[in-house]
Amino acid sequence: MAIGAGVALLGIVAIGATRFGGATSLGPFLMVIGAAVCWGAGNLIAKLAGRIDMFAFVIWSSLAAPIPLFALSLIFEGGRTLPALSHPSLVLALCVAGLAYGGTILGFGLWCRLLALYSAARLAPFALLIPVAGMVAGRLVFDEPLGPFELLGAILVMAGLSFNVLGDRLTGRRAR
């Protein structure tokens, strides 16, 4: 398991180093770290909630986010927030719908359901799929370029995850 985690970590470092190298400031990087902390806190809350209807849990908990996010948008985006909302583009509407329904309700709802059924230790390695899926989606939807180190990083993440999940079967050991 440690070998798979190490290989996946190398992949994440390769992806992060490539993405961080193009960053113009530390702010976006810190926002990603903050998002990861919030996601972890959300996982903890979902795990503590136990066996409940996770889709209803995610939908009701989503009502807490719009007002603070709107306020933050007004603070950081200033005068661009209201005109963008009053004349939304098709791309904006599709992105919001995709994030709200696909990412939040479906994705996090299913993830929370799995957390209610399985241990966090068993599910945690699958969180490594998030940056790989994000890169693939960015490439497919927005035609974002992927460099060779990002592709190598994605391959290393997938190899490490595969070894974590299938390692015992591949080496002939019994899972405990």
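I began with Arg80, which forms a salt bridge with Glu77; their closest N and O atoms are 2.6 Å apart. The model is predicted, and I read the entries below with that in mind.

I then looked up accessibility for this pair. Arg80 has a relative accessible area of 57%. I call Arg80 exposed because the cut-off for that label is over 50%. Glu77 comes out at 38%, so I log Glu77 as partly exposed.

How many salt bridges does a search of the whole structure find? I got 2. Asp143 and Arg139 also meet through their side chains in a salt bridge, at 2.9 Å from N to O. Here Asp143 is exposed, with a relative accessible area of 56%. Arg139 is partly exposed at 38%.

Next I turned to the nonpolar cores. The largest has 9 residues: Ala46, Met54, Val58, Trp111, Cys112, Leu115, Ala116, Leu123 and Ala127. Which elements give two or more residues to this core? I found helix H3 (54-61) and helix H6 (90-117). H6 gives the most, with 4 residues.

Leaving aside residues up to four places away in sequence, Cys112 is in contact with Ala46, Met54 and Val58.

I also noted a second, separate core of 5 residues. Among its members are Ile15, Val132, Met135 and Ala154.

Key: Residues are numbered from 1 along each chain as its sequence is written. This is a predicted model: local features need pLDDT of at least 70, side-chain atom pairs count only at pLDDT 80 or more; totals for chains, interfaces and linings use all residues. Side-chain values use heavy atoms; hydrogens and water are left out. A nonpolar core is a set of buried Ala, Val, Leu, Ile, Met, Phe, Trp, Tyr and Cys residues joined through side-chain atoms within 4.5 Å. Buried means under 20% relative accessible area, exposed over 50%, partly exposed in between (1.4 Å probe, protein chains only). Contact means heavy atoms within 4.5 Å. A salt bridge is a side-chain nitrogen of Lys or Arg within 4 Å of a carboxyl oxygen of Asp or Glu.
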